[in-house]
Amino acid sequence: MTAITIKNLVVSRGDSKVLQSISFEVQPGSVYALLGGNGAGKSTSLLTLLGFLKPDSGSVTVLGHDVTKDIAKIRHTIAYLPEAATLYPHLNAYENLSYFLELAGNKKTRAELDTALDEVGLQVDARARHMDNYSKGMRQKVAIALSILRETPVLLLDEPTSGLDPVAIDEFNALVRKLSGQGKTILMVTHDVYGACQVADRIGLLRRGELVGSFDAQAGARIDTEIVHAAFAERAAA
Ligand SMILES: Nc1ncnc2c1ncn2[C@@H]1O[C@H](COP(=O)(O)OP(=O)(O)OP(=O)(O)O)[C@@H](O)[C@H]1O
């Protein structure tokens with residue numbers, strides 16, 4: 001079964017059609033990067049997958065669940081990392097994880113929390129410190145640890161590497177590849193062409209709400225740089 005299937009999806013916001021009949025599939029355990037300039041419709045796609053925006057027409061299914069019908073199942077299936085990970089700065093990593101897990105009716109032991117924090121590579125001496133002095137990369141690691149503990153098979157990432165330094169970007173990309181290797185399906189939206197090429201299996205190029213190209217990234221296939229540049233240039237001229 002396909003992990004995510006988007007078929008002829010049309011979504012309006014206000015008076016304008018923001019997604020204009022887009023279709024793509026994400027295979028289980030793969031990383032798909034939806035690439036596009038500002039206003040292309042990337043966040044709108046994620047919000048629709050999460051059931052926050054209703055399609056005008058078309059369909060969106062995640063592991064066979066229709067987002068317009070099975071919203072409770074969808075919320076248990078997907079973990080979503082917004083661009084700024086929303087965790088409490090006055091709590092430490094353990095307290096944040098416990099708080100959000102308990103909200104979801106899911107209690108874990110300290111040892112289980114440590115196993116997830118080991119998995120994402122958060123340094124041990126930071127774990128009991130309030131998160132207000134964490135870097136963005138560290139906050140993201142805690143947010144991903146939360147998704148590991150929730151055992152959601154699908155992870156949605158909104159601009160995950162913006163604001164990260166090159167070392168943190170490399171660490172993040174390695175973590176995404178590791179999670180994919182463990183079977184998680186990852187859909188990320190980004191405007192970073194080169195980052196997407198490094199981490200994704202497949203890249204979809206979104207321009208003004210239309211999917212104008214798809215490429216295999218890891219198979220060594222050449223990205224059509226002309227199409228990529230045309231998409232971003234058109235946005236700048238719009
Ligand atoms: N709440 C809203 N009401 C009406 N239009 C909106 C709303 N939010 C976004 N839009 C419009 O929808 C279009 C797509 O926005 P979206 O945020 O999905 O793009 P994006 O690709 O994520 O852009 P960015 O990279 O800037 O985050 C834009 O034209 C935007 O102005």
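**Sheet, ligand shell and helices**

Colleague: Which residue takes a positive phi of about 70° just after α3?
Modeller: The model is a predicted one. Helix α3 comprises residues 93-103. Just after α3, the residue with a positive phi of about 70° is Gly105.

Colleague: Which helices do the buried residues of α3 pack against?
Modeller: The face of α3 turned away from the buried side carries Glu102 and Leu103, which are exposed. On the buried side are Ala93, Asn96 and Leu97. The packing partners of these buried residues are α4 (110-120) and α5 (136-150).

Colleague: Which strands stand at the edges of the open sheet?
Modeller: The sheet has four strands, in the order β2-β1-β4-β5, with antiparallel pairing. A strand with a single partner has one side left without a neighbour in the sheet, so the edge strands are β2 (16-26) and β5.

Colleague: Over how many bridges do β1 and β4 pair?
Modeller: Strand β1 covers residues 4-13 and strand β4 residues 57-62. Lys7 has Ser59 of β4 as its bridge partner. The two strands pair in the antiparallel sense, and the number of bridges is five.

Colleague: Which residue in the turn between β4 and β5 has a positive phi of about 45°?
Modeller: β4 and β5 (residues 65-66) pair in the antiparallel sense over two bridges. Thr61 has Asp66 as its bridge partner, while Val62 has His65. The two strands form a hairpin with two residues between them, and the turn residue with a positive phi of about 45° is Leu63.

Colleague: Which helix gives the most residues to the shell around the ligand?
Modeller: Residues surrounding the ligand include Gly36, Asn38, Lys42, Ser43, Thr44 and His191. A helix spanning residues 42-49 contributes three residues to this shell, and that helix is α1.

Colleague: How many polar residues does the shell around the ligand have?
Modeller: Arg13, Gly14, Val18, Gly39, Ala40 and Gly41 are also among the residues around the ligand. By class, the shell has two nonpolar and two charged residues, and the number of polar residues is eight.

Key: Residues numbered from 1 in each chain as written. Predicted model: local features only at pLDDT ≥ 70, side-chain atom pairs only at ≥ 80, totals over all residues. Pairing = 2+ DSSP bridges. Near = placed C-beta within 6 Å. Nonpolar A, V, L, I, M, F, W, Y, C, P; charged D, E, K, R; others polar. Buried ≥ 20, exposed ≤ 12 C-beta atoms within 10 Å, placed from the backbone. Contact = placed C-beta atoms within 7 Å.
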